[in-house]
Amino acid sequence: MKLNKLYILPLLLLISACVKEPVDVPQENGDDRPLLTILKNNYNFSMFYNAVQRTGLDKTLEGKGPFTVLVPDNTAFTTSGITADSLAAMDTASLAKLLRYHIIPEQIRYAAVPQAIDFPYETLAGLPVYTGVPIPGPRQFQNLTINILHINGVSVSKTDILAGNGVIHALSRVLRLPAASVQDALDKDPQYSYFVHALKEFGLWDQLGKPGVFTVMAPANQLFDQYGVTEAGLDPAHYRKMMVTPYIVNGHRFFSTDLLDAPLDNAQPGILTPEFLQTINCYNQTFGVWPLYYKQITDLVGPPYWGDPYIYGPAASLVNSDHLTGNGIVHGLSDLPMRPDSARINP
Amino acid sequence: MKRYISILFAGLCMAAWSGCKKYEIEPLVKDPAYIRVFNDLTSTTDLAHGQQVTPFLTFLMDPETDAAGIPVDAAVVGDFLGTRQLFSLSYAANEANSSVGNNTTGGPLPHPDPPNLTPIKYEYPGNAHVLTAPVINGFDLSAWAQVPSGKHRIMFVIRPQNGIVFTDLSSSIRSGILLDTTITLEKGEVYTLEVVSRDLDNGKYGLYIRKEQFIHQPFDANKLYVGFVNLSGERTEDAKNGFVKVFPDKIKITASYFRYNDPASGLGGNVFYTPVPGYNNTYLTTLSTRMDTTISYHPLPMLPQSDFFFQGLLRTYVNVMTPEPSKQGTLPYFKFQYLDADVPAPDASTGSVFLTNCSADPVVYNNYNPLTTSVRSYAPNLNLVVNNKGAYHVYPTVNIMEIVYDRVFMMQIARGFEQLP
């Protein structure tokens with residue numbers, strides 16, 4: 001009889017093995033603190049938090065949401081040339097608009113961002129921000145094991161800080177509110193006044209105010225000064241139109257970060273226009289101008305060019321880049337890929 | 001006492017019986033049709049080609065959509081569908097292997113490609129656990145999945161290359177629908193579905209459906225067959241400008257059959273192939289239209305078994321990675337040349353033409369990266385070598401060569417496997 005009782009034990013075990021109920025998977029350990037608490041408790045976000053409080057946007061962020069908040073940390077404010085004092089001095093209405101541009105009224109975690117460059121998300125300011133993530137492929141050399149995310153060409157330093165009513169991505173720079181058009185952005189920036197003058201003289205100015213897609217590589221005044229070119233001298237009487245046409249990349253829009261996120265094929269040095277090849281070297285992060293017959297130059301390792309197709313001027317790096325506008329993007333240049341001598345009309 | 005034991009025994013039996021049914025068995029498909037799905041997109045988006053998409057898709061058949069029309073789930077989901085491999089068989093061998101991204105051979109020197117740690121499938125069904133097609137007309141078609149015949153809504157969604165399954169993706173990603181169409185599948189028919197680029201410059205894509213005729217056609221048991229089809233879209237501006245080299249619009253195809261010349265080569269000396277008489281750059285066909293849904297199969301000779309062996313040993317495949325000139329193996333192989341039908345001459349500047357040397361080893365062929373190695377000039381041998389019970393036997397095959405812009409996707413349909421060597 002004692003032995004029989006022992007039989008019951010495996011029987012019970014077997015019966016319990018038969019139950020095939022779905023296993024309760026523990027919920028992901030998310031953070032259910034509200035966004036505001038995270039901003040408040042994180043010293044590194046103190047400037048953003050103070051600004052949010054001053055503009056009354058804390059009422060919005062207290063809401064159910066969900067929100068995606070693009071938070072420039074304190075270092076990002078400093079990098080963008082904004083101190084606590086200058087932030088306090090900003091007028092509340094424009095600060096509120098800037099902050100609204102950092103809030104997207106939906107939850108977008110890193111994994112939810114489509115694998116594309118320049119994917120728009122509407123913000124509370126009514127204007128879109130554009131996300132960019134690395135496009136996988138044989139040309140991609142960024143480390144894809146970490147979450148690389150760019151917003152309007154600004155790197156995200158930390159993705160997916162989860163909150164109860166949304167998610168925070170920490171930015172490494174403050175986003176800039178986009179200008180209405182490329183024309184508007186160039187006009188407002190006094191360092192491009194020579195370039196603006198030249199665009200007007202050569203009849204290229206009007207198109208930059210109209211709908212379309214442009215990426216403008218804007219040379220600053222001091223670059224022209226280096227070559228002894230004056231503002232008044234930039235006109236069709238002294239220079240051919242090729243003095244300015246290479247700087248407008250028509251029909252394409254790309255942030256400086258897209259050069260690494262979505263690099264061009266090695267076989268394709270750049271974008272072909274009817275007059276030039278606008279070269280974009282994605283690894284050196286440079287912009288240049290080649291003639292259309294560049295293959296004849298690169299194939300010939302001898303005089304006069306010794307295989308170097310930069311016959312108009314050197315490749316220039318992008319500086320002061322990623323000024324988003326309603327119809328394109330303005331980047332600055334470190335040098336003139338079209339040297340004034342290459343376009344001068346000889347008397 | 002005895003009664004207790006019998007009760008215990010009955011209880012034990014009941015427990016064991018109810019414990020048996022752990023998994024549900026997939027119900028049989030009534031009136032099935034058979035489908036195989038490929039992603040033929042060979043280029044991706046970059047800063048100059050924002051209109052193009054990343055070639056990583058989810059295939060949905062009969063999708064369920066939410067109120068906004070965004071697909072949520074589907075009756076058939078083929079997730080993580082990357083660009084297809086250059087070579088595919090008619091049965092699911094090595095279907096989990098990879099060619100782009102995951103390989104360790106042929107990456108840019110000195111480092112191989114970074115490993116791709118996320119899932120990637122090269123076709124549907126591939127290695128998915130679904131019911132597959134039976135043997136039809138003597139062909140092993142286990143790479144085709146059973147689906148109910150009739151009308152079906154087909155959808156392809158652009159998805160990021162990560163490890164998140166389709167149903168967990170965000171709605172903004174799931175709303176990135178590349179194709180949405182309805183097709184009708186006939187009972188018992190074999191279909192190959194391929195996502196193709198119709199016009200890359202304007203970001204237009206389409207679905208190419210081929211109702212396979214080889215299941216209805218008679219094939220000579222002792223002949224190789226090869227058919228060609230051009231699945232390229234419109235010629236791109238990049239191709240016109242010479243940034244990328246693509247197949248011509250009208251393709252004239254010639255065939256050569258090479259046999260290793262043992263006496264002339266000095267056995268291991270300089271490699272020396274001679275063409276089989278009648279197959280030295282012999283005109284085969286001209287493809288003047290794109291996206292043809294019928295394929296004409298050209299019969300090619302099958303050499304006697306002895307030609308595949310030398311002194312009792314199987315001859316060797318080419319090693320694609322070995323530098324010239326010792327690149328060739330010793331097995332007989334076909335070479336197909338693709339010339340521009342309007343200008344039938346080699347490229348003026350380089351003297352080269354598109355060609356396919358069908359001389360590679362099918363087992364390792366897909367491991368080479370088509371973008372960084374010369375593997376696109378090669379294809380696996382048309383003669384299928386099978387080892388059975390320690391002996392090699394060479395079988396004829398039916399081959400479909402699908403030309404997409406700059407490469408040839410080869411689909412080899414095995415036959416004659418029911419014959420004993």
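In chain B of this predicted model, 66% of the contacts between residues at least 6 apart in sequence join residues that are at least 24 apart. The chain contains four helices and 23 strands, and of its 421 residues, 41% are buried.

Among the strands of chain B, four form an open sheet in which the order is β5-β1-β8-β9 and the pairing is mixed. The edges of this sheet are taken by β5 (145-148) and β9 (204-211) of chain B, each of which has a single partner strand, so that one side of each is left without a neighbour in the sheet. On average, and with direction ignored, neighbouring strands of the sheet are turned by 40 degrees against each other. Within the sheet, strand β1 (residues 32-39) of chain B pairs with strand β8 (residues 190-199) of chain B in the parallel sense, and the pairing extends over six bridges. One of the residues involved is B:Tyr34, whose bridge partner in β8(B) is B:Val190.

Chain B also touches chain A, in a contact that takes 34 residues from chain B and 31 residues from chain A. On the side of chain B that touches chain A, α1 (2-20) and α2 (171-174) of chain B each supply at least two residues, and α1(B) gives the most, with nine residues. When the residues on this side of chain B are sorted by class, 15 are nonpolar, 16 are polar and three are charged.

In chain A, an open sheet of seven strands has the order β9-β8-β14-β13-β12-β11-β10, again with mixed pairing. Its edge strands are β9 (248-250) and β10 (270-272) of chain A, each of which pairs on one side only, and the twist from one strand to the next averages 30 degrees.

Strand β14 of chain A can be followed through its pairings with two other strands. On one hand, strand β13 (residues 316-325) of chain A runs antiparallel to strand β14 (residues 328-333) of chain A and is joined to it by five bridges, while a hairpin leads from β13(A) to β14(A) through two residues. On the other hand, strand β8 (residues 214-218) of chain A runs parallel to β14(A), and these two strands are likewise joined by five bridges. The residue A:Val330 of β14(A) takes part in both pairings, being the bridge partner of A:His323 and also that of A:Val216. The strand β14(A) is mostly covered, since six of its six residues are buried. From this strand, A:Gly328, A:Val330 and A:Gly332 point one way, whereas A:Ile329, A:His331 and A:Leu333 point the other way, and the residues of both groups are buried.

Attention now turns to a pair of helices in chain A. The axes of helix α3 (residues 46-55) of chain A and helix α7 (residues 92-100) of chain A come within 9 Å and cross at roughly 120 degrees, and the two helices are therefore oblique to each other. The crossing in which α3(A) passes α7(A) is left-handed. On the side of α3(A), the contact is made by A:Ala51, A:Val52, A:Arg54 and A:Thr55, and on the side of α7(A) it is made by A:Thr92, A:Leu95, A:Ala96 and A:Leu99. Of the residues in this contact, five are nonpolar, two are polar and one is charged.

The surroundings of α3(A) extend beyond this crossing. In α3(A), the residues A:Met47, A:Phe48, A:Tyr49, A:Ala51, A:Val52 and A:Thr55 are buried. In an α-helix there are 3.6 residues a turn, so residues that stand three or four places apart point the same way. The buried residues of α3(A) pack against several elements of chain A, namely the helices α2 (35-41), α4 (57-61), α5 (74-79), α6 (84-89) and α7, together with the strand β1 (67-72). After α3(A) comes A:Gly56, a residue whose phi is positive, near 80 degrees.

Key. Residues numbered from 1 in each chain as written. Chains lettered and ligands numbered in written order. Predicted model: local features only at pLDDT ≥ 70, side-chain atom pairs only at ≥ 80, totals over all residues. Axes fitted to C-alpha atoms, helices over the stretch in contact; angles between N-to-C directions. Parallel < 35°, antiparallel > 145°, perpendicular 65-115°, else oblique. Left-handed = near helix turned anticlockwise from the far one by under 90°. Contact = placed C-beta atoms within 7 Å. Nonpolar A, V, L, I, M, F, W, Y, C, P; charged D, E, K, R; others polar. Pairing = 2+ DSSP bridges. Buried ≥ 20, exposed ≤ 12 C-beta atoms within 10 Å, placed from the backbone.
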